[in-house]
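User: I am new to this structure. Please show me how to read its main features.

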Amino acid sequence: MARRLREAAGDNGRDLPDHEALVRSIRRWESGKIAALSERYRLLFCRTFGLSEADLFNPDAPEPVAVPRSSRPLTDCHDLEAMASFRGADRQVGGGHLYATVLGYLERDVAPRLFGGSDGTSTFVAAAAFTEMAGWMAHDAGQDGLAGHHFARALDLAGVGGDRQLEAHILGSMSHLSRHLGKGSDAVRLAQRGTTMLTESRTAASAMRARLLSMAARGFAELQDSGECSRLLTEAEHTLQREPAAISPWAGPFDHGTLSLDAARSMVALGQLSAARRQVEQAIALRPTSRTARSRALGQLVLVNVLLETGELDEACNVMREVIEGTQTLSSLVVTRQLAKVRGQLEAYRGVEMAVDCLAVLDRALRERRWQYEWGGARREPGDSALRA
């Protein structure tokens with residue numbers, strides 16, 4: 001609960017007491033030694049549980065208010081700390097390096113507790129979250145079939161665990177994968193299923209809802225429906241600006257930088273290059289180099305795509321060199337595929353000296369990254385179908 005309260009406080013959490021002091025205060029309140037909470041703590045508890053102050057603290061209520069299962073305090077801090085560590089490392093080094101480690105954690109630390117532990121459904125929620133993470137890492141390493149299998153299994157586990165927010169989050173991941181595979185209609189359907197789940201469970205998770213709206217928008221962009229795509233992106237932006245509500249700690253983050261990048265990709269798919277450039281430049285500005293190597297690189301590669309489409313070769317080559325330098329230790333086939341795609345675009349400028357120099361740099365980078373494609377015993381070269389997918 002102390003961790004959840006600090007998360008609910010956001011940037012103001014620095015003003016809260018240290019962790020142990022906060023735990024002691026919570027225990028004193030739960031035992032009745034503290035008769036009433038201050039207004040600030042009442043607000044933080046309301047945000048954590050997703051309930052109004054009247055519902056949570058009304059002493060005249062006829063019976064205790066049932067807390068939705070998805071927002072109950074989770075007791076296994078070890079799993080949450082492991083999840084945070086994996087997420088931080090994944091942003092920097094990519095899924096190719098971490099996939100086996102996450103699977104090892106699932107098999108060694110989580111699976112034995114599914115049928116023999118005393119944690120109840122919380123272990124199924126943890127298993128769902130780590131399985132979904134494994135799916136993203138498989139996708140990052142170019143194994144989309146395996147990623148789909150992980151996502152489907154994660155959805156089943158989250159259903160057993162009863163975390164509706166996590167279920168909705170996983171549906172957003174499945175929507176992303178469907179759109180990536182060119183299945184725009186499936187992407188829209190899965191994202192809409194997630195938003196319906198949030199509505200039916202009365203979950204006020206604005207960031208998660210915005211993510212699902214953004215996923216649906218990208219699906220409509222794949223289907224070349226610019227009107228519905230634009231409407232959903234606008235709704236996602238308005239949703240993200242609402243007062244943040246407590247969400248499941250197992251669900252991944254979604255912020256304005258991610259929304260801007262999704263909007264830019266949608267605009268590229270619709271051929272709206274000026275709008276795409278505005279959005280992607282905003283996304284890059286919100287991604288500091290030191291924290292989010294992969295997402296920043298993906299944004300820069302969208303910008304390179306736009307610049308090459310509009311004939312701005314000099315700037316495109318400069319940004320591409322930044323991407324290569326900034327991703328030397330990143331094991332992400334998704335990023336490398338985009339670099340290979342840029343190579344195809346640069347071929348149109350082969351008669352220009354700058355383009356020839358850039359092609360030489362890019363070819364050398366692709367050769368150096370061949371080791372990243374050794375997955376399941378199969379070696380993939382930069383020209384293989386895995387790169388072109």
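Analyst: Start with contact: it means heavy atoms within 4.5 Å. Among contacts in the protein chain between residues at least 6 apart in sequence, 64% join residues at least 24 apart. This is a predicted model: local features need pLDDT of at least 70, side-chain atom pairs count only at pLDDT 80 or more, and totals for chains, interfaces and linings use all residues. Residues are numbered from 1 along each chain as its sequence is written, and side-chain values use heavy atoms, with hydrogens and water left out.

User: How many helices and strands does the protein chain have?

Analyst: Helices (H or I, at least four residues) and strands (E, at least two) are DSSP runs, numbered from the N terminus. The protein chain has 19 helices and zero strands.

User: What percentage of the residues count as buried?

Analyst: Buried means under 20% relative accessible area, exposed over 50%, and partly exposed in between (1.4 Å probe, protein chains only). Of the 389 residues in the protein chain, 50% count as buried.

User: Which residues of α18 are buried?

Analyst: They are A355, C358, L359, V361, L362, A365 and L366. They lie on the same side of α18, because they cover an arc of only 170 degrees around the axis. The arc is that of the directions from the helix axis to the C-beta atoms. These buried residues pack against α16 (313-326) and α17 (333-346). Exposed E353 and E368 sit on the face of α18 turned away from the buried side.

User: How do I describe two packed helices?

Analyst: Use the angle between their axes and the distance between the axes. Axes are lines fitted to C-alpha atoms, for helices over the stretch in contact, and angles run from 0 to 180 degrees between N-to-C directions. Helix α13 (residues 256-269) and helix α14 (residues 273-285) have axes that come within 8 Å and cross at roughly 155 degrees. So α13 is roughly antiparallel to α14 (angles over 145 degrees count as such). Residues making the contact include G257, L261 and M267 of α13, and A276, Q279 and A283 of α14.

User: Where is H256, and what does it touch?

Analyst: H256 is in helix α13. It is partly exposed, with a relative accessible area of 35%. Not counting residues up to four places away in sequence, H256 touches L240, Q241 and L286. The C-alpha atoms of H256 and E237 are separated by 7.9 Å, with the two residues 19 apart along the chain.

Key
Parallel < 35°, antiparallel > 145°, perpendicular 65-115°, else oblique.
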